[in-house]
Amino acid sequence: MTEADIDEGIAGAPAARLTDRERLALDFSARMATEPEALDAAVYDALRQHYSEEEIVELGAFIGFNIGYHTFFGTLKFYPMFAPDGRLVSQEEAAQIYGDKPVSLAAGRST
Amino acid sequence: MIGIAPLPVDALEDQELRALIAQAAALGVPDERFAGIVARVPHYAKALLRAMLLSHAGGSVDHRLKEMIRVQLAGFARDPYFASLRSTKAIGEGLTEERIAASNRYENDDRFSEAEKWALRYAERMYLAPHEIDAAFYAELKRHYTEAQIMELGAFIAFHYGMQVFMRAVAR
């Protein structure tokens, strides 16, 4: 996985090189975060073509856990302790590097 | 139903998992529906149930307050599953349905202490407007709670928020 893959996944526009399986998981995550009630039988039918029931539960629990904790950590204004080049940095410097939006290290490096 | 069907708890062979499910059933939160769904991934189920039990019934923040917060969050999320559950421990400690209902209109209710109101505001803002929780908000929370208690509340709110999203997605 590359930083470009992560950025494209966050942007909601998965690259053509991502598999259908990966796109479905990313779509499942995005819908859980924004409209979980819109996950209808067709979505689960599509997921079941690529994932077992166990894997869907694993994905759902992982996504739910992260939705909750990202919201909490967001209120703490908690930034990575390290700069993209590996330096240990203060929270103030990290805030300048990474900004307010959930961008990956690659995007952080370019700002 | 849409999503994932729960496994029958009686058919589970993992005794450690069954003990945790029994512990959760005794508390009343979560019940066998949540447990039966996450039991499809037993090592996840054990971690999730332990975290849910500890964050809800453990710690030093009043369990009755956390129960009101949990129901309040389920109301915001329009999550019928978690909204329908009640902690037997909280009820045993005197929490009533009338007080749970009142917690939806806590701001002008003198029956809620300032500390309780700030905890309820914390959960409300976390769900509806997390960007409004700033340094000044945390400074006010620290007038009523220790840093450990604020982390206990924040982690509890985040965990239940996440698990409510999970149930809204997979169990309908």
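Modeller: Read along its sequence, chain A follows the pattern α-α-α-α-α-α, which comes to 6 helices and 0 strands; helices (H or I, at least four residues) and strands (E, at least two) are DSSP runs, numbered from the N terminus. This is a predicted model, in which local features need pLDDT of at least 70 and side-chain atom pairs count only at pLDDT 80 or more, while totals for chains, interfaces and linings use all residues. Residues are numbered from 1 along each chain as its sequence is written, and chains are lettered from A and ligands numbered from 1 in the order in which they are written.

Of the 111 residues of chain A, 18% count as buried, where buried stands for 20 or more other C-beta atoms within 10 Å of a residue's own, exposed for 12 or fewer, and partly exposed for anything in between, with C-beta atoms placed from the backbone. Chain A meets chain B through 23 of its residues, which are in contact with 25 residues of chain B; contact means that the C-beta atoms of two residues, placed from the backbone, lie within 7 Å. On the chain A side, H3 (41-48) and H4 (53-75) each supply at least two residues, and the largest share, 16 residues, comes from H4(A).

An assignment of domains, whose bounds come from an automatic or database source, gives chain B domain 1 (9-57) and domain 2 (63-170), with C-alpha centres 22 Å apart. The contact between these two domains takes 14 residues from domain 1 and 15 residues from domain 2. H1 (15-27), H2 (32-38) and H3 (42-57) of chain B each give two or more residues to the domain 1 side, and H3(B) has the largest share, 5 residues.

H3(B) itself has 16 residues and reaches 22 Å from its first C-alpha to its last, close to the 22 Å expected at 1.5 Å a residue, the expected span being 1.5 Å times one less than the number of residues. Buried in this helix are B:Ala45, B:Leu48, B:Leu49, B:Met52, B:Ser55 and B:His56. Seen down the axis of H3(B), these buried residues fall within an arc of 145°, so they line one face of the helix; the arc is that of the directions from the helix axis to the C-beta atoms. That face packs against H4 of chain A together with H1, H2, H4 (63-77) and H10 (147-170) of chain B. After the helix comes B:Gly59, whose phi is positive, near 85°.

B:Ile157, leaving aside its neighbours within four places in sequence, is in contact with A:Phe72, B:Ile69, B:Leu73, B:Tyr122, B:Ala123 and B:Met126.
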